[in-house]
Amino acid sequence: MTQHAPHHDEPLDAIDRRIVAELSRDGRLSVRTLAERVHISRTAAHNRVLALQQRGVITGFGAQIDRKSIGLNISALVVVRIGDVSWESIAAKLATLPFVEKVQAVSGDIDIILTVSAPDHEQLSQAILRDIHDMPGVVSTRSHLILEEIDGRPPAQSLDIWRP
């Protein structure tokens, strides 16, 4: 389960929003380049990035990996209904299973949506039918193969819609 630093209620100012937008486009930006793009000093850019990390706004920096290039050729969204068990305990167990990329609690008539990627249909079937469906506390599963994926805009890159 992802752990986040405590969030503060104070909204981000325009400079912090621009820093977040730039880093969401390219998390490998140097502080110097970031400062130039946001039009502040390097020291101010460095201090603001540190503050955004401490506030839990920036939770990490990482590479975006193409699943197929590392041999994960098939992906599915798996809808899970759980019984009389706590979300936290079952989510923690599901997150440790092979090929489970993401565990999300959702509202409505289902409880959890998983993103599962595997090398082939056989291993995906095993992950869903044996590992997930047979887990104690799981009442039912429904799988939806992902046929194609198109990335949208991360919230940080849509400055015009989330300005306070």
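Q: Which residues is Ser75 in contact with, leaving aside its neighbours within four places in sequence?
A: In this predicted model, Ser75 is found in strand β1. Leaving aside neighbours within four places in sequence, the residues in contact with Ser75 are Arg67, Val116, Ser117, His144, Leu145 and Ile146.

Q: Is Ser75 buried or exposed?
A: Buried means a relative accessible area under 20%. The value for Ser75 is 8%, and therefore Ser75 is buried.

Q: Which side chain does a polar contact of 2.5 Å join to that of Ser75?
A: Ser117 is among the residues in contact with Ser75. A polar contact of 2.5 Å links the side chain of Ser75 to that of Ser117.

Q: What is the order of the strands in the open sheet?
A: The sheet has 4 strands with antiparallel pairing. Its edge strands are β2 (100-105) and β4 (138-145), each of which pairs on one side only. The order is β2-β3-β1-β4.

Q: Over how many bridges do β1 and β4 pair?
A: Strand β1 covers residues 74-82 and pairs with β4 in the antiparallel sense. Arg81 stands opposite Ser140 in β4. The pairing of β1 and β4 extends over 7 bridges.

Q: At about what angle does helix α4 run to β2?
A: Helix α4 (residues 87-95) lies across β1, β2, β3 (112-118) and β4.

How values were computed. Residues numbered from 1 in each chain as written. Predicted model: local features only at pLDDT ≥ 70, side-chain atom pairs only at ≥ 80, totals over all residues. Heavy atoms only, no water. Pairing = 2+ DSSP bridges. Helix = DSSP H or I, 4+ residues; strand = E, 2+ residues; numbered from the N terminus. Contact = heavy atoms within 4.5 Å. Axes fitted to C-alpha atoms, helices over the stretch in contact; angles between N-to-C directions. Buried < 20%, exposed > 50% of the residue type's maximum accessible area, 1.4 Å probe, protein only. Polar contact = N/O pair within 3.5 Å; in protein donor to acceptor, adjacent residues only side chain to side chain.
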